[in-house]
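The sequence and structure come first.

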Amino acid sequence: MDVSYLSLVLKMSNFKPNKEHLRHVMIFLFNQKKKASECHRILVETYGDLAPTVKTCERWFQSFKRGDFDVTDKKRENRPKKFEDVELQSLLDEDNTQTQQMMAEQLNVTRQAISDRLRAMGKIQKVGKWVPHELNERQMEKRKTVCEMLLLRHERKGFLHRVVTGDEKLIYFQNPKRKQSWVTPGQPSTSSARPDRFGKKTMLCVWWDQKGVVYYELLKPGETVNTDRYRQQMINLSHALIEKRPEWAHRHAKVILQHDNAPAHSARLTKETISSLGWELLPHPPYSPDLAPSDYQLFSSMGHSLAEQHFNNFEDVRKWLDEWISNKDEAFFWNGIHKLPERWTKCVESEGQYFE
């Protein structure tokens, strides 16, 4: 019988097919050498909304190709629904910041099943971050050269126990949640919204070593760091080291200060102040937050904790900061300083480019 004639006859009747009838029609069309997509089109033309989906047609055609023409429903065991990685990847393509629970509900499976498949697919969850600068060839070469020099020095004689590092960070009174996204290692994460840069904020100036925070200042809203202020901060840091790290008085080796190349840090008067304190400056290439412990360790962790934090005033920020610092153990600070050789190595291996 001609397929188009069969469709016309069925359209003219009031017949409403059940699932088994539709499957018998699919067998007929399969034997007519039709494709699953053609089968779906014919069934829609004939039965409208009662027709099965194209995916259902494809699934039954796969059974027919295996020689299984049994159209009765199989007995289902009480096992979790299985799903294909392509279905999960499709959800990730739509929005890779979805939680495991959100994906589980859409695929009608358990959250553990999603977790297992994400792990099997090699996916990791990465917090959105901002690339600080588009490096040119000269800057990449500078980064690589400095890291090679520091690695050689470290191999000759360890000096990380002498490093005191510091930097500044803006702390906003209102902090949005940072997005996490599921990605394949090496792929970038989804961008996160920055806090409102015109909103209320204060600047944290902090210095620390492998044992913990030595000294910090929290600037009042509107205050900034210029050369004079930074020179005074260096003097205040020196006093804090004498008080909190009395062992330095008995050491012959100098404090090694690690900070970035901000104008107030690299000013001639600042360098003179640091020299007068008897400290050494650790070389640090420009545009290199990935090589600065404050950025990759202290501020990264602080940024996670600040997500969705809302402060009413300056004193609320100070109280939160004091509590946050006191909750960090010595291992946290030790790890931050002692990751430096590993990060210098990664910079060299990546030819001076930013690395994960």
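## Salt bridges

A salt bridge is taken here as a side-chain nitrogen of Lys or Arg within 4 Å of a carboxyl oxygen of Asp or Glu. The model is predicted, and by this rule it holds 12 salt bridges.

One of them joins Arg162 to Glu280, with the closest N and O atoms 3.5 Å apart. The two residues are 118 residues apart: Arg162 lies in the loop between α8 (137–156) and β2 (163–172), and Glu280 lies in strand β7 (residues 280–281). Arg162 counts as buried because its relative accessibility is 14%, whereas Glu280, at 22%, counts as partly exposed.

Arg245 and Asp209 form a salt bridge with an N to O distance of 2.8 Å. This pair also links distant parts of the chain, 36 residues apart, with Arg245 in the loop between α9 (227–244) and β6 (256–258) and Asp209 in strand β4 (residues 201–209). Both Arg245 and Asp209 are buried.

Arg229 and Glu217 meet in a salt bridge at 3.7 Å, N to O. Here helix α9, which holds Arg229, is linked to strand β5 (residues 212–219), which holds Glu217, and the two residues are 12 residues apart. Glu217 is buried at 13% relative accessibility, while Arg229 is partly exposed at 29%.

## Aromatic pairs

The structure contains 14 aromatic pairs. Phe30 and Phe61 form an edge-to-face pair, with 5.4 Å from centre to centre and 90° between the planes. Phe30 lies in helix α2 (residues 19–31) and Phe61 in helix α4 (residues 54–65), so their pairing ties together parts that are 31 residues apart in sequence. Phe30 and Phe61 are both buried.

Phe64 and Phe69 have ring centres 5.4 Å apart and planes at 5°, so this pair is stacked. Phe64 is buried, with a relative accessible area of 2%, but Phe69 is partly exposed at 38%.

A cluster of rings is formed by Trp208, Phe311, Trp320, Trp324, Phe332 and Phe333, which are linked through ring pairs.

## Charges over rings

Lys220 lies over the face of Phe314, at 5.4 Å from the ring centre.

How values were computed. Residues are numbered from 1 along each chain as its sequence is written. This is a predicted model: local features need pLDDT of at least 70, side-chain atom pairs count only at pLDDT 80 or more; totals for chains, interfaces and linings use all residues. Side-chain values use heavy atoms; hydrogens and water are left out. Helices (H or I, at least four residues) and strands (E, at least two) are DSSP runs, numbered from the N terminus. Buried means under 20% relative accessible area, exposed over 50%, partly exposed in between (1.4 Å probe, protein chains only). Rings of Phe, Tyr and Trp (its six-membered ring) pair if their centres lie within 6.5 Å; planes under 30 degrees apart count as stacked, over 60 as edge-to-face and the rest as tilted. A charge sits over a ring if NZ of Lys or CZ of Arg is within 6 Å of the ring centre and within 35 degrees of the ring normal.
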